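Could you walk me through this structure in my viewer, stop by stop? Please tell me what to select next and what is there.

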Amino acid sequence: MTRTATGCIASISALSAACLLAPGASAANIVLFNGGGDFFSGVPGGFAFEDFAGAVTETPTSLILDIATDTNAANGLFGGLGRDLTQADFDPSAHQFRVVYRQLADNAANDFRIILRDNDGDDSGPGLGSEDYQFFVDMSFAAPLGDGSGFDEQFVPLTLFGNPVFRAQSFGFANDGDTILNPGANQWQVQSPFGGQDRLNIEIATIEIIPIPEPASLSALALGATLLGRRRRRA
């Protein structure tokens, strides 16, 4: 596997490689965070827990994380922030995260996690609760956004390259979900690694879920078939 210009991992598989191409704008994009200055004060309000509490600075366009102190002397420099969202149903195999962020001067961490809560029902019985899926973001695969802002861009497939890396019943629910990644996503989080000791100092501008673009090879085949069909009709 190699790094690509879009900040993803290249795969020998044409289908896998397709997810690493930067897509155009899509009406299907699910925006989790895009600034606004109201992460904590908006509706729904955001939250921070464990070592993230008091260590997140909100600007009009970003969230600055500086996770440097193990506040409870347990679990390393672990914690997170997040916010509820209107439930979004989508096919995880056809989508990826797009994250725009930059590492700041004191960052020593190599990675962080994105969490999605997958709601599977009304919590009335087994399989009808909620479950959390954890996705690994390796910062070594980020690439410059290219707009002079100093931010990087990274695409993280939801079901490739080992993702999701962890699953568990969601906190506060009596029942687990159906143990199948089939969002129903109604909450997202960013977390530092559990038990980690490396300072996480990054600035996040955007997190969204976007469709994986159609493989270029298939697009070319479709275009070729269309043109061939037109020529035959003309003949």
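By class, the lining of the largest pocket holds 5 nonpolar, 6 polar and 2 charged residues. Here Ala, Val, Leu, Ile, Met, Phe, Trp, Tyr, Cys and Pro count as nonpolar, Asp, Glu, Lys and Arg as charged, and the others, Gly among them, as polar. Please keep in mind that this is a predicted model: local features need pLDDT of at least 70 and side-chain atom pairs count only at pLDDT 80 or more, while totals for chains, interfaces and linings use all residues. Residues are numbered from 1 along each chain as its sequence is written, and side-chain values use heavy atoms, with hydrogens and water left out.

**Stop 1: the largest pocket**

Select Asp132, Ser170, Phe171, Gln189 and Gln191, which lie nearest the centre of the largest pocket among its 13 lining residues. Next, colour strand 9 (111-119), strand 10 (130-138), strand 13 and strand 14 (184-191): these are the elements that give two or more residues to the lining. Strands are DSSP runs (E, at least two residues), numbered from the N terminus. The volume of the largest pocket is about 290 Å³. A pocket, on a 1 Å grid over the protein atoms alone, is an open set of points where a 1.4 Å probe fits, with protein on both sides within 12 Å along at least five of seven lines; lining residues have an atom within 4 Å of a point. The volume is the space filled by probe spheres set on the points, which are joined across faces, edges and corners.

**Stop 2**

Now show Phe136, Val165 and Phe166, which make a nonpolar surface patch of about 260 Å². Patch residues have over 30% relative accessible area and no salt bridge, and nonpolar side chains (Val, Leu, Ile, Met, Phe, Trp, Tyr) are joined within 5 Å. The areas come from the Shrake-Rupley method with a 1.4 Å probe, and for residues only the protein chains shown count as cover. Val165 sits in the loop between strand 12 (152-157) and strand 13 (166-169). With a relative accessible area of 41%, Val165 is partly exposed; buried means under 20%, exposed over 50%, and partly exposed in between (1.4 Å probe, protein chains only).

Pro164 is in the loop between strand 12 and strand 13 as well. Zoom in on the peptide bond from Asn163 to Pro164, which is cis with omega near -5°. Then go to the bond from Pro183 to Gly184, also cis, with omega near 10°. Gly184 belongs to strand 14.

**Stop 3: salt bridges**

How many salt bridges does a search of the whole structure find? It finds 9, each being a side-chain nitrogen of Lys or Arg within 4 Å of a carboxyl oxygen of Asp or Glu.

Select Arg199 and Asp66, whose side chains meet in a salt bridge (2.7 Å, N to O). Arg199 lies in the loop between strand 14 and strand 15 (200-211) and Asp66 in strand 6, so the pair ties together parts 133 residues apart in sequence. Arg199 is partly exposed at 28% relative accessibility, and Asp66 is partly exposed at 28%.

Move on to Glu153 and Arg98, which form a salt bridge at 2.6 Å, N to O. Glu153 is in strand 12 and Arg98 in strand 8 (residues 95-103), so this pair ties together parts 55 residues apart in sequence. Glu153 counts as buried, at 14% relative accessibility.

Asp84 and Arg117 make another salt bridge, with their closest N and O atoms 3.7 Å apart.

**Stop 4: positive phi angles**

Finally, pick Glu50 in strand 4 (residues 47-50). Glu50 has a positive phi of about 50° although it is not a glycine, and it is partly exposed at 31% relative accessible area. Ala73, in the loop between strand 6 (63-67) and strand 7 (79-89), has a positive phi near 55°. Ala73 is exposed, at 70% relative accessibility.

Conventions: Patch = residues over 30% accessible without salt bridge, like charges linked within 9 Å, V, L, I, M, F, W, Y side chains within 5 Å. Helix = DSSP H or I, 4+ residues; strand = E, 2+ residues; numbered from the N terminus.
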